[in-house]
Amino acid sequence: MYRVLVGLLLIAGIGAGIWWMARPQLPDPPQIEALGSMDPDVAALLRELRSAIEDDRSSAAAWGRFAMGCEANGFVGAARDAYQRATLLAPDEPRWAYRLALVTSRLGDNDAALATLARVNELAPEYGPAWFRRGLWLLDRADVAGAEQA
């Protein structure tokens, strides 16, 4: 009986260790003061959105809302990082991937933006704005045939 109990505890411990190691490693959201100067109302909003992440670090929606707050207020790098975390937590949610593609493009990396947009096109093939953006970004690369197809 003792050996069975020890064996079960050992298996449970190994399982918990594997779960702990396999979970996404999410860094802290940035401190609001580290983003730069901003209006006090914007700072209050971003603190509130950051607080929601601290309450539930595994919430893709909380990371996505924080990212939207950053994006809307010109903190595009912080928005990209938060959208990346949201897409990591909810890989089948096209809206976070779409927003990630947009801010990635704004930061000048259209290749990465196109790769992210490909995932959006798979997840939501009926979403016209994603195809429109794909076409524009392919035109920027002088890929007329690809743009026409998009």
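Which residues does Thr 87 touch, not counting residues up to four places away in sequence? Thr 87 touches Trp 96, Ala 97 and Leu 100, where contact means heavy atoms within 4.5 Å.

Before I go on, the basis. This is a predicted model, in which local features need pLDDT of at least 70 and side-chain atom pairs count only at pLDDT 80 or more, while totals for chains, interfaces and linings use all residues. Residues are numbered from 1 along each chain as its sequence is written, and side-chain values use heavy atoms, with hydrogens and water left out.

Back to Thr 87. This residue sits in helix 4, residues 76-89; helices here are DSSP runs of H or I with at least four residues, strands are E runs of at least two, and both are numbered from the N terminus. Thr 87 counts as buried because its relative accessibility is 18%. Buried means under 20% relative accessible area, exposed over 50%, and partly exposed in between, with a 1.4 Å probe and protein chains only.

Now the chain as a whole. The protein chain has eight helices and zero strands. Of its 150 residues, 35% are buried. Among contacts between residues at least 6 apart in sequence, 48% join residues at least 24 apart.

Next, a helix pair. Two packed helices are described by the angle between their axes and the distance between the axes. Helix 3 (residues 60-72) and helix 5 (residues 94-106) pack at about 30 degrees, with axes 11 Å apart. The axes are lines fitted to C-alpha atoms over the stretch in contact, and angles run from 0 to 180 degrees between N-to-C directions. Helix 3 contributes Ala 60, Ala 61, Gly 64, Arg 65, Met 68 and Glu 71 to the contact, and helix 5 contributes Trp 96, Arg 99, Val 103 and Arg 106. Trp 96 was also on the list for Thr 87.

Phe 132, Leu 136, Leu 139 and Val 144 make a nonpolar surface patch of about 380 Å². Patch residues have over 30% relative accessible area and no salt bridge, and nonpolar side chains (Val, Leu, Ile, Met, Phe, Trp, Tyr) are joined within 5 Å, like charges within 9 Å. A salt bridge is a side-chain nitrogen of Lys or Arg within 4 Å of a carboxyl oxygen of Asp or Glu. Areas come from the Shrake-Rupley method with a 1.4 Å probe, and for residues only the protein chains shown count as cover. Helix 7, residues 128-140, gives the most, three residues. Val 144 lies in helix 8, residues 144-149, and is exposed at 52%.
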